[in-house]
Amino acid sequence: MSHPSEALLHPRIAAAGDTVPAVAAPALLRAAAGAFTLTVHDTLDAVETDWRRFEQTADCTVFQSFTWQSLWRKHIGGPEGVQPAIVVGRIGERIVFIFPLAIERGRLARRLTWHAGDLGDYNAPLLAPDFAALVDRAGFLALFATIRRVLSADPRFRFDAVAFEKMPE
């Protein structure tokens with residue numbers, strides 16, 4: 001590792017026991033197309049400009065738009081104490097995905113969910129139009145495993161269960 005707060009992981013090699021640093025600095029994921037830089041944000045405001053620009057060309061629905069997400073946050077998520085966990089993936093400076101995730105605190109467990117997922121009809125990440133050419137199925141599974149490890153490494157984003165609902169094929 002070049003810096004103690006960075007982790008270099010190859011999508012085909014990453015193992016469940018890999019140690020991933022706190023998300024104060026980006027974690028890197030090696031992919032066939034280059035290195036993804038993952039950043040996790042605990043507020044929507046931190047990514048508003050990038051999100052609004054990216055949604056103009058990304059594969060997404062209205063339920064992943066910044067406007068929908070921020071209104072849900074203001075009126076529902078914020079008052080209910082939902083913790084945003086917005087994961088942005090880049091290759092170089094180019095955004096290739098945004099995962100609008102959240103941590104919901106239940107009576108017995110903390111759940112990783114889609115941010116604003118309870119009112120949306122379709123829950124999914126925002127993806128660059130060429131995302132499928134950059135990441136195959138195995139790479140995506142490794143990418144998501146890395147996202148889970150990065151989130152778990154930070155006390156703000158720790159969770160006991162993943163509850164993804166209403167996702168398109």
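Helix 1 (48–55) and strand 5 (94–105) are included in what covers the buried residues of helix 2, where helices (H or I, at least four residues) and strands (E, at least two) are DSSP runs numbered from the N terminus. The model is predicted, with pLDDT of at least 70 needed for local features and 80 or more for side-chain atom pairs, while totals for chains, interfaces and linings use all residues. Residues are numbered from 1 along each chain as its sequence is written, and side-chain values use heavy atoms, without hydrogens and water.

The buried residues of helix 2 include Phe66, Gln69, Trp72 and Gly77; buried means under 20% relative accessible area with a 1.4 Å probe, protein chains only. Helix 2 spans residues 66–80 and bends by about 55° at Arg73, the bend being the angle between axes fitted to the seven residues ending there and the seven starting there. Just after helix 2, Gly81 has a positive phi of about 80°.

Glu48, Trp51, Arg52 and Glu55 of helix 1 meet Phe66, Thr67 and Gln69 of helix 2, contact meaning heavy atoms within 4.5 Å. The packing of the two helices is tabulated here.

| Helix 1 with helix 2 | Value |
|---|---|
| Angle | about 140° |
| Distance between axes | 10 Å |

Helix 1 and helix 2 are therefore oblique to each other, as angles under 35 degrees count as roughly parallel, over 145 as roughly antiparallel, 65 to 115 as roughly perpendicular and the rest as oblique.

The protein as a whole has four helices and eight strands, in the order β-β-β-α-α-β-β-β-β-α-α-β from the N terminus. Of its 169 residues, 47% count as buried.

Notes:
Buried < 20%, exposed > 50% of the residue type's maximum accessible area, 1.4 Å probe, protein only. Axes fitted to C-alpha atoms, helices over the stretch in contact; angles between N-to-C directions.
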